[in-house]
Each structure stands twice: as structure tokens, then as C-alpha cells.
Amino acid sequence: MRSNYRKIGDYIELVDERNKDLSIDLLLGLSINKQFIPSVANIVGANMTNYKIIRKGQFACSIMQVRRDKKMPVAFLEDFEEAIISQAYPVFRIKDERVLLPKYLMMWFTRSEFDRHACFLAVGGVRGSLEWEDFLEMELPIPSIEKQREIVKEYNTVVNRIKLNEQLNKKLEETAQALYKHWFVDFEFPISAEQAAEMGNPELEGKPYKSFGGKMVWNEELGKEVPEGWEVKNVKGFTIDMKSGGTPNRMIDEYWDSEEVPWLKTGELKNSIVIDSEEYISRIALKKSSAKILPVNTVLIAMYGEGKTKGQVGYLKKEASTNQACCAMICENEEKASFLYYHLRTNRDEIVSIAIGGAQPNLSKNIIEEIRIIEPNESALNSHPFIQILKSKEGYTKEIKSLEGLRNLFLSKMTQVEIEEKEVVSG
């Protein structure tokens, strides 16, 4: 054992408290992202008396399938006083919080190096489970309790700022979708000065269009009234170009001598703006392949994918390319692009319902081209708030990215803390 490291097993103990009197009904699950989540398990007819109780300040983990998932799910309960979880999860607590802080230990569990070590130790055939005894033998540096408090405080400052930005982005998204419905479904967009003059009452400027007498006309194709001057088009007619992605040849000689750009896969769209990707590809490799470099303000949609991936959209805030499972839509201006993004975002469920195919229905490029869209008149397109909302989200997302780098730096430096303390003492 390294002199400044200690075994996890020396500081924790198992807790096995069962819900025998059925006094607790909050059932939680454990995610691979090391968080407690509402359980989706089917508990109809289940014997809930055998479920484990976990209390605030305790941990739960999964030691199954660690090698397969390349992560060990482990989480610290902070948001609830008590809950129940599956009996398959070990529950444990710290023996003496005057020696080891729970939040400091959770920081250690968050490190990618911890997951790699757990994966290396995992055995058990295809499932790749981690033996509990091996988990207890894993080590971590434990500085003084004062130093732990300092580290946790600095780390939480960064984490809380990330959470705040995520909440702000979520609020912006909720606002944008509400505005889309108000403006482009209920047709209550603000009356422009020109429209108010045409209606013979300048005081109507800024009032909701439909409620204050804006002229509506019947549209046969949609079977409902729409504002005068608005047209029904398909996505192909609304855009100036549509492209599907490709897979570049990574063996091109000039690959390492070229600027790289993000190369996106469907799972990275996530119904949000896109400022980077998990993988980057050389410009030269892209130019010699079927993949295309897409401009800023391109709208993307996932044509197929498992679970909730299909139909998710992305809005490029950086030049990028995609794999063949993404369809790219390029508009003539930012106003149209941001409107199209929120149209697809808001109508995702309906769009996904028209996917075709066998076991894995997909949205082909032809299907996406024919998606119907109401094109507002120029006044409504030029005044909608989506451009500014996306710019605000871009700013918060960039800050999150920067803060995540700082958070990871804190985690990576945990291995240096005890060494630095010993050097100070010995000096």
C-alpha cells in the first residue's frame, strides 16, 4: 500500500436495514451516472418488506456488470431523509465522519480513474461483476479532516455553479417551448406596427394577434385557420439544403496534419445546442469522404437510434460533421434555423410516430424532407425570441464546459493532496 493511501474497507461499514413494516414507500434506483433516480421497476405484486432502507448520508452501489458498463454506479443520498432501494444494492456508511467526510469519499468515487480501477478488478464472466472484498481493498488518500473540508468546499462551489447553469438552460428551454406554442400554435404572437396600421388601430401594436382580431384564413391542408400570409411547406422547401452524414477514412496520410472539427453521433444531439463532440475528425479526411462540414446554425435530427435517441435534435454553434445517422438542415438565415429547431423540438413525438421500418423504425432523409411546417410571415419570423434564447444557452453551456474542466482538475489533484501535506510537515 502506498504510504499516503488507505483501504476503503477501513473506513466504511455495510448497513442492512429492511422495510419490514412498509413505513417507507419512496423507491429509488441507481443510475450509471452515480445518482439516485426514481425507480422504473415494476413492483406490482412485489414484496416490499425485503427492500433495503437507505438514509440520508449513506451510500448505495452496484457491483454488478462493472466491466461491461466501464463504471461502478455508486451514489450518496442527500436529497431525501430516507428511501428504499433494491436488495441487490449494497448500502454502506462511513464509520467515523470525524476522520473521513462522506462528500470527500463521493468525490473519489466520481473520478474516472476510480471507475477504470474498478473495471480492472471486475470479474465474473460476461457480467463482469466486482467482488465486494475487492472493492474494500481499493485505496484512496485521506488528508486531515480540515483539508478534506477545504477540498469539498472548493469542489462544491464549482459543482453548484454547473447545476445553476444547467437549471438556467432548462428554464430557457421551457420558456422557448412555451413561446413557440403561444406564437406558432395558438397564433398569439405580438401584432407588429405594420399589422396594427393595416387593422386601422395603431394601439394594437404588441397585442396578441388572434385574440385582438388578427385576420385568419382557412387552410385546407391543415384543416384549420392560420394567420393571413402564412404558408404550409415541407422541410425541404423551408431549407436551402439538406445533407446526411458519413464516416471519414481515418487512414488518410494527411490526417494528423489538418485542423480537426467535431464529428457528431446521434447520441450527442440531446435536444440542445452543440458546441463540441466526443470525437474530432481532420478537415482533410472529411473532404475526401462522404461526410460534409456543416456551417454554424445548421439544424440536426437523429434519423434512427435506440431508446429516445431517434428524433432528437441539435443546433450547431460550431462547424461540425456528423455520422450517417444524422440529417442536417441548412436554412438561409438564423431566424429560420432557430424557428425550425424549435418546430422539430416541440413536435418530436409526432415526428417520431411516422418513422418506418422493422424492429428499429427510422426517419429516413426522405421522410424528414416531407415533414410539414407552417412558415410564418416575415414579420413573425424576424421578431421571434429564439435566436437570443439560443445565444443565452450557448453562453451557459460554454461556461458549464469550462467549469467541468475545472471540476475534473479538482478530482485529478486528489492524489496529490496527502503528498503535499507530508512535504510541508517534513520541511
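Here are a few exercises with worked solutions on this predicted model.

Numbering starts at 1 along each chain as its sequence is written. Local features need pLDDT of at least 70 and side-chain atom pairs count only at pLDDT 80 or more, while totals for chains, interfaces and linings use all residues.

**Exercise 1. Work out how helix 5 and helix 13 pack.**

Step 1: find the helices (DSSP runs of H or I, at least four residues, numbered from the N terminus). Helix 5 covers residues 145–184 and helix 13 covers residues 386–412.

Step 2: get the geometry. The angle is about 160° and the axes are 9 Å apart; axes are lines fitted to C-alpha atoms over the stretch in contact, with angles from 0 to 180 degrees between N-to-C directions.

Step 3: name the arrangement. Helix 5 and helix 13 are therefore roughly antiparallel, a label for angles over 145 degrees.

Step 4: sort the contact residues. They come out as 18 nonpolar, four polar and eight charged. Here Ala, Val, Leu, Ile, Met, Phe, Trp, Tyr, Cys and Pro count as nonpolar, Asp, Glu, Lys and Arg as charged, and the others, Gly among them, as polar.

**Exercise 2. Take apart the sheet with the order 2-9-6-7.**

Step 1: read the layout. It's an open sheet of four strands (DSSP runs of E, at least two residues), and the pairing is antiparallel.

Step 2: find the edges. Strand 2 (12–15) and strand 7 (74–76) each have a single partner strand, so one side of each is left without a neighbour in the sheet.

Step 3: check the twist, which averages 30° from one strand to the next.

Step 4: zoom in on a pair (at least two DSSP bridges between the strands). Strand 2 and strand 9 (residues 91–94) pair over four bridges, and Val15 has Val91 as its bridge partner.

**Exercise 3. Do likewise for the sheet with the order 14-21-18-19-16.**

Step 1: this open sheet has five strands, with mixed pairing.

Step 2: now look inside. Strand 18 (residues 299–302) and strand 21 (residues 326–330) run antiparallel over four bridges, with Val299 opposite Met329.

Methods. Side-chain values use heavy atoms; hydrogens and water are left out. Angles under 35 degrees count as roughly parallel, over 145 as roughly antiparallel, 65 to 115 as roughly perpendicular and the rest as oblique.
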